[in-house]
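Hi everyone, thanks for coming. I'd like to walk you through one model today, so please have the viewer open and follow along.

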Amino acid sequence: MYGSNILNDGMRHVSDLNFGDPFRKHEMHCRFKLKPPWPWVAITTSSGILVIALLMGQIFHATMNRIAKVEDDYHEMMELKKRAEAADVAKSRFLATVSHEIRTPMNGVLGMLHMLMDTDLDETQEDYIRTAQESGKALVSLINEVLDQAKIESGRLELEAVCFDLRAILDDVLSLFSGKSQEKGVELAVYVSDKVPAKLVGDPGRFRQIITNLMGNSIKFTEKGHVYVTVHLVEEAVNLMDVEMESPSNSTLSGLPVADRRQSCAGFKAFSQEEYAPMFSSSSTNQVNLIVSVEDTGQGIPLEAQSRVFTPFMQVGPSITRTHGGTGIGLSISRFLVQLMKGEIGFASLPQIGSTFTFTAVFTHGCCNVNDQKSQKINNQLNSISLEFREMRALLVDPRLVRAKVSVYHIKRLGIHVEVVRDLNKGFFSVNTENSIPNIVFIEREVWDKDLALSTLFLNKLRSLDCIVTPKLFLLSSTISSTRAISTGSSVSTPSVILKPLRASLLTASLQRSMGIGNRGNHRNGELRILSLRNLLRGRKILVVDDNLVNLKVAAGALKKYGADVVLAERGKEAISLLTPPHHFDACFMDIQMPEMDGFEATKRIRDMESSFNNRIHIGELSVEAYRNISTWHVPILAMTADVIQATSEECLKCGMDGYVSKPFEAEQLYREVSRFSHTALNEIP
């Protein structure tokens, strides 16, 4: 072997050799030139295994720590979720309790004020009562807004689907704001396209809420000019906007410039080419797609504040709250309601020019069930339009096209044919034509005041007409202060003044007073109306159950106003005793929160009792003759509740109630609910 010459260098290797000789031992001595190499493969392999083991341990440790952390986070999240749910329940209970405790006395306040208005009062007393009513309704409106916001946050705000008259709702909203607009001298008007169906199916209360919020804001921030509400079908709105773009900037209701309505609905999916075609396809022919615009000439919204217009509880500035009041949640609620109606909402605003809010909503054609039809017929007849004016002819003198269009819309609703002229000179020519002598002449106040000499000549011309009945002359005015007429018109020489905003009921009443139709106009404080209302529920026996004496008095007074025979009870047990068959009650109004036995429990027991009697009658155990020949007993029970949370209304229906009326209620609400279950009430309306 190769090696060094040094014997003890550590590189010698001795091997034993065995040749089979037991007496001799043989050895072989070898020396290596180099030391053996390190076992690098084994070293690296073992090191890698060690590192992998350490990494696996670290991963396992981290995984266990992560799992433990996730479990801790999960338990913490569940605990927070329980707390949040408990807080939400507590908030709902708090709001329901506060709402109930406020609504209950407000029902007494507003109810008594409403009953007081039916008494003999002078003008000052009426003004005081109206002021008190407006303040009370403002408080109730604030409560409703807060409750709606809570419902939105909890996801419990839902829409109804009932048949309603959109034009009647807009008339009601006009009546609500007519006083404020007249005091300010702001022209308030509504126009509904003839293509909009007379009856729609949707949620009339929520639609009214949107319109009220938008119109209320416009009235609040407008000191001059106009507030103009228009309703069209979406498919006709595109062409109308093109026409408006070509019209002069002063071609508006009041002649003042306004924010461009096209900008308020820019970006709406309803107007995009991709969305527009399928929206009106044959599969959706039952749908009615409306577009509503509320235009004003107010102070407008500053540019820096426009991004937060729909943010809850946000105002344009702190001075707005101090000057005009409000909570800042009306628009956010309106946007949510529009989204529930499968629509969109937008606005355009120019500082010191005005704002235009536009929204779309989807309804269906008015195919109503029996109860909805009854309720709607009653509503229409309570706000009935007299048929005595059918086929009459009217002359309207108005130089503004938009304003004339609004007046023609309302006059035509009475069945009157209208001719429009721009000035009195053309009016002379119109009345000179024998075949077209009008029965009624409407003149805008500004035309009348512009040239009093010409107005006098026009009066003389009307007096000299060779006709059986001299045409009745009316001046249309948007402000109380400009009213110069001495009396509400019995002759041509002293024209009657009709204060805007125009609506069907106002025109009907004004024409009836002036023309002596129906003998209306000699009764103070609606005396004749009260007398006619007393026939609506005559012969109806109604039970009212409430532990609050004031609420009992208000409900009794409201129902007696319609001629009902009212019986009062203060406890649920009394109601059970009184409604045990056989009885003579046609309906029952039941308070929910009562001591000893609440309205839910009382209703359940009444329904169980009725079910038992019905079963016994059907099997012949009881005689039908002994029970007024009624084989199936079911008295309509309607809840009177100050709790308007969705869960409460569901509980009302679940326990067997037929509906509910929220406090504070009005007399007309009680009548409508009763008449839904009356088969002859429709025929008894005068």
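This is a predicted model: local features need pLDDT of at least 70, side-chain atom pairs count only at pLDDT 80 or more; totals for chains, interfaces and linings use all residues.

Residues are numbered from 1 along each chain as its sequence is written, and side-chain values use heavy atoms, with hydrogens and water left out.

So, the overview. The protein has 22 helices and 19 strands; helices (H or I, at least four residues) and strands (E, at least two) are DSSP runs, numbered from the N terminus. Of its 686 residues, 44% count as buried, where buried means under 20% relative accessible area, exposed over 50% and partly exposed in between, with a 1.4 Å probe and protein chains only. Taking contacts between residues at least 6 apart in sequence, 74% join residues at least 24 apart; contact here means heavy atoms within 4.5 Å.

Now please find the sheet. In what order do its five strands run? The order is S11-S10-S12-S13-S14, in an open sheet with parallel pairing. Two strands pair if DSSP finds at least two bridges between them. S11 (417-421) and S14 (496-499) are the edge strands, each with a single partner, so one side of each has no neighbour in the sheet. From one strand to the next, the twist averages 25°. Zooming in, S10 (residues 393-397) and S11 run parallel and are joined by five bridges; Leu395 has Glu419 of S11 as its bridge partner.

Next, a pair of helices. The axes of H12 (residues 424-432) and H14 (residues 452-463) come within 10 Å and cross at roughly 5°. Axes are lines fitted to C-alpha atoms, for helices over the stretch in contact, and angles run from 0 to 180 degrees between N-to-C directions. H12 and H14 are therefore roughly parallel; that label covers angles under 35 degrees, with over 145 roughly antiparallel, 65 to 115 roughly perpendicular and the rest oblique. On the H12 side the contact includes Leu424, Phe428 and Val431, and on the H14 side it includes Leu457, Phe458 and Lys461.

Let's move to Thr230, in strand S6 (residues 226-233). Is Thr230 buried or exposed? Thr230 is buried, at 6% relative accessible area. Its side chain makes a polar contact of 3.1 Å with the side chain of Arg261. A polar contact is a pair of N or O atoms within 3.5 Å; within protein, one must be able to donate a hydrogen and the other to accept it, and residues adjacent in sequence count only if both atoms are side-chain atoms. Beyond its neighbours within four places in sequence, Thr230 also touches residues including Tyr191 and Ile291.

Last, some backbone details. Most residues other than glycine have a negative phi, and most peptide bonds are trans. The bond from Lys500 to Pro501 is cis, with omega near 10°, and Pro501 lies in the loop between S14 and helix H15 (504-515). The bond from Lys663 to Pro664 is cis too, with omega near -5°. Lys342 has a positive phi near 60° and is exposed, at 67% relative accessible area. Glu596 also has a positive phi, about 70°, and is exposed at 66%.

That's my tour, and I'm happy to take questions.
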